[in-house]
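Walk through this model from the overall fold to single residues.

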Amino acid sequence: MKVFILLIFIFNTTNFLFCSDNSKQYFRSKFSKLTSSVWRYKSSFKKNDLKPIANNNPHPEPIINRMKPERVTIGPLGKKLYITVAGSEGNPKNEVIIFDIASRKIVKTLKVGLRPYNVIIHPSKRFMLVTNELSNYISIIDIKSDRVSGYIPADYYCQGIVITKDGKKAYVANRYLDQVLVFDLSITQNTLQGKVKNIGGFNESEFFGLNSISHNERQFYLSRGYSEQEIQKALSTKIGGISSILKSRCAKCHQHTMGGYYAGADQIKNYLSAIEHSIGGDPKNSPLLKAVTAKHEGGYGDDKISPNFHSGGVLFEPNEIEYEKIYHWIKQAKQGPGIRVGNEMSHPKDLVLSSDEKQLFVGNTGTMDVSIIDTDKHELLGGIYIQNVTNHLNLFQKDNKDWLLILSMGIGFGATKSRDPLGAETWSRDNEAAQYTLLRDPITTDSLPLSQQDVMGPFDAVDGTWNIKMKDIQNDLVLINTSSLKYPKQFESLQSEYLLKANKYEAHQNWVRYTSDTAESTLGDVKGDIAPELQRVHGSFAEWSIIDKDKLYVSMAGSFEVVEYQINIDANDSSFYLSPIEKYDTGIRPMGLEFGKKNTLSQDLLFVVNQLSESLTIINRKSKVSETISLSDNLPYPVTDAELGELITHTSIFTSDGDTSCLHCHYRDAGDGRAWGAAESIGQDRFGHITAGGTLGIPQMKNLLHNQPFYFEGTHRISEGQGADINEPASSIDFVNEIWAGDFSNIKSPIPDHKRKEMHEELKERVEVRKLGKLWYDLEEKREEFLRTQSMKYLGESKSLSDLYRAVATWMGNEPHLFPNPFDQQHPSVKRGERLFNSANVMCGVCHVAPNFTNKDKILANNDRRALPSLTTITRRDASYTLAGVHAVDYANSKKFDMEPTDLGRTEDQEGTFTTMQLRGIFDRPPVFLHHGRARSLREAIATPKHQSLRKFVFPVLQGSENVRANRQEQGFNEITSRSKKGTLNVHDQIFDTHGGTSHLTVQQMNDLIHFMQSIH
């Protein structure tokens, strides 16, 4: 026994650094999170730019080398502007241009990192820092000489940055890590230097060995029969720490890597392998301890029948000091290398410090919240739930109170307002409020009679607003008195709470939420849902904000304008804290804003950078006069069909309410972090009015050329594509009344009445299921006139609906629009995960075939839609609507679709079948997966129910106001629960492993599989 303890107790008289080849490259980090190669253990930093994703379109339209400027900062003297030039995904830029305000010209171009995101002045007013999305460093600009003077080692996908008032610390939001990185800054010999501060990781000295022990440990070894002399001798040669414990107990089986774990002679490899099998701060759920803990203690060390069977049979008792040492080592570790901001794939973007710099507010774009970080303890304090992305944050102080401004979008996601258990959610056809499916004839595409429709039963989700589908897209400003938030006194490293849920259109003394001024303006909008005084957000897609005393300016990227607001926190009615007072036209897609400096030639000027038109708008706030200056020599935007399609996709100027764009749902061309109740997730009541209550995942608008047919149902080719959705935000029925862009109600079709045959109609753009008859021609002509008018105004030439279809299709297929993957491709876990992904036992690679990681081969599905039977449980509302492609509707109307005249189109011949979605770019998507969008992590999407690998979320998972994860526990969706003919689910008839074989995988294997999916290019 004593000899056994000595093996654990005594390390080796040789220092651990000499036990391994120090020149060896280790493809792991000291953090319990998959990272880029920047964080490889004991590796030296090397500047690097990620390589853009190659275009897989063999015959693209000519691609114009656009600058796409985005952010702007003014120099300390108020004479020059520093503008970031980001470029596109396929052709990213690495420039900051210097614009001279007096001459109105670009005077210099600086080369920085690839795809610069933001540029900010250091408090010294001598230097600027530039975060670069596709480079692993922050560029430093010396303002005195206007040259790039150095760099700060960082990581890829750094975005928003703030610097403390003393200039000694910077906080940077990192998109792919879901963290905030902390940097220590200093100025030495007129040079700005910086270094990232590692927040987290696992203690090395405690793992490799210590030269001191606690009183309790000393008493423990004395009780084991060791003398003071023996203990002192051991201390002089270093105590064998966690490493010796693991080697003595585990090396019999793991002296070489087995089951992905190593506990052999290489001390560093031993250390990194232990980290890989641990979850920083969460020892109870760490595979390293669960594998050596008895089942009755929450582990699986003696579980002989599960996939986690530990053949070595090594068990630790929870009261063993060796167990306690390992437990403490994991418990004190943090995820690192930065401060995590919440649930996985939260994708933080911009951030702002409180006035006293004690709190850091972080806006997330993958999840629907704002995270709050304690800057002293570098811990997550809590969050603010806003039910949509945070596009930008700002903060101002009034009467010693901090007010946080959040630029976001609407709280509605196309579902229904609230639960109705006694009415619409009934399974009884006799109930007056019952809701029915919208199944259609696959040939005529007409809705079947109500007698042939199914009752739909309970809603899949509710969102808190009366409007449904795309009528639910709005633009919001949220104003919060952060001084009123109740911060917790103690930190919980694994879980955090929402300190405020600002997901209602309400006005309170301490917070208020505003939405679009056209929220209830069009024909299909439900009226009276939102107080009129809260409908005061003019324009579309609030991109950036800037505040000067009692004035707020917001760039509206979707409607090409800047809106000025009066700030009046002293108003008796909190609804009037913000009031719009002026708007200014800009170039195409305004982004960054900046004020001029007082007592300089730039005083009273507001500068606006326009991304797509590559221009700068200068607004004189005093005279209200503005001018727009081109920043490039390119032809005026748009030139090609692909550029026109990009414009249509990213603007609201072609919509009937002026508030809607594709980007509102497909945020960053991906998603907004929510499962939407739009498009096919709809039904009808007995009177034919369209209703909602289902949800669907939002597919990304990337790499679409080689993924046809698409939509989950496989009913659309790229020529139909998202262009089909133009029908909905510009629904022709809206034009019977005057709209924001003019009055088109008197427009009539030139087709005579006697030539107007009855048309088969695309249901999803209507507010009712009904035949419009001859009125259909007039409604279509009204919309066409609207599109012609808008295109003449903004493009200088007339465009029809079919022109817009063609342009959107061209944009979607012209380039993949994918960002390069930052994760370390050489990480052992990634390599193991790749083998699992393609193995016959898991079979992910059968449907998700490289290089596009999908399979649209007709042989696989044996149908034109390339659709497979459902691989996860579907509810009645998942299969509530027969989707028909544009070609199919045209063919039913004896028309030929001019882009592909031989294509007859596709209609769902069987509801509830789905195509294989691509996995490329999955690292950059929000955590909303599967056809219904109810899986909220990659682990949920591939794990079977109650799999040992399932973890807990940091923040509660909310869908609307409903908490959809009890105890924050992840839920495995790799199963099918049978559904009766009536529509109810039979929970006693459930089959696992229907979405790949994963129930037999160990916890570590599941982690490996997820790591590979995260690393897919």
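The paragraphs below describe the chain, its pocket and cavities, and some individual residues.

This is a predicted model, in which local features need pLDDT of at least 70 and side-chain atom pairs count only at pLDDT 80 or more, while totals for chains, interfaces and linings use all residues. Residues are numbered from 1 along each chain as its sequence is written, and side-chain values use heavy atoms, with hydrogens and water left out.

The protein chain contains 18 helices and 38 strands; helices (H or I, at least four residues) and strands (E, at least two) are DSSP runs, numbered from the N terminus. Along the principal axes, the C-alpha atoms of the protein chain fill a box of roughly 110 × 75 × 60 Å.

Of the 1017 residues of the protein chain, 62% count as buried, where buried means under 20% relative accessible area, exposed over 50%, and partly exposed in between (1.4 Å probe, protein chains only). The accessible surface of the protein chain is about 38,400 Å², and 50% of this belongs to carbon and sulfur atoms. Accessible areas come from the Shrake-Rupley method with a 1.4 Å probe; for residues, only the protein chains shown count as cover. Among contacts in the protein chain with a separation of 6 or more, 64% are between residues 24 or more positions apart; contact means heavy atoms within 4.5 Å.

Next come the empty spaces. Rolling a probe the size of a water molecule over the atoms shows where empty space is left. On a 1 Å grid over the protein atoms alone, a cavity is a set of points where a 1.4 Å probe fits but cannot get out, and a pocket is an open set with protein on both sides within 12 Å along at least five of seven lines; lining residues have an atom within 4 Å of a point. Grid points are joined across faces, edges and corners, and a volume is the space filled by probe spheres set on the points.

The largest pocket holds about 1,400 Å³ of space. Its lining has 42 residues, with I120, V352, N394, I546 and E594 nearest the centre. Elements that give two or more residues to this lining include strand 1, strand 5 (116–121), strand 14 (348–353), strand 18 (392–398), strand 25 (542–548) and strand 29 (590–595). The lining of the largest pocket divides into 21 nonpolar, 12 polar and 9 charged residues. Here Ala, Val, Leu, Ile, Met, Phe, Trp, Tyr, Cys and Pro count as nonpolar, Asp, Glu, Lys and Arg as charged, and the others, Gly among them, as polar.

The whole structure has 13 cavities of 30 Å³ or more, and the largest cavity contains about 710 Å³ of space. Of the 41 residues that line the largest cavity, K68, E89, R115, R589 and Q611 lie nearest its centre. The lining of the largest cavity is made up of 12 nonpolar, 11 polar and 18 charged residues. Strand 1 (69–74), helix 9 (641–649) and helix 12 (801–814) each supply at least two lining residues, and helix 9 gives the largest share, with 3.

P638 is in the loop between strand 32 (626–630) and helix 9, and the bond from Y637 to P638 is cis, with omega near -5°. Another cis peptide bond joins Q708 and P709, with omega about -10°. P709 sits in the loop between strand 34 (690–692) and helix 11 (775–795), and Y711 lies in the loop between strand 34 and helix 11 too. Y711 is not a glycine but has a positive phi of about 70°, and Y711 counts as buried because its relative accessibility is 8%. N862, in the loop between helix 15 (858–861) and helix 16 (886–892), has a positive phi near 60°. At 65% relative accessibility, N862 counts as exposed.

Finally, how far apart in space are K401 and N481, which are 80 residues apart in sequence? Their C-alpha atoms are 6.9 Å apart. K401, in strand 19 (residues 401–409), is in contact with F396, N481 and S483, leaving aside neighbours within four places in sequence. By contrast, the C-alpha atoms of V455 and T375, also 80 residues apart along the chain, are separated by 53 Å.
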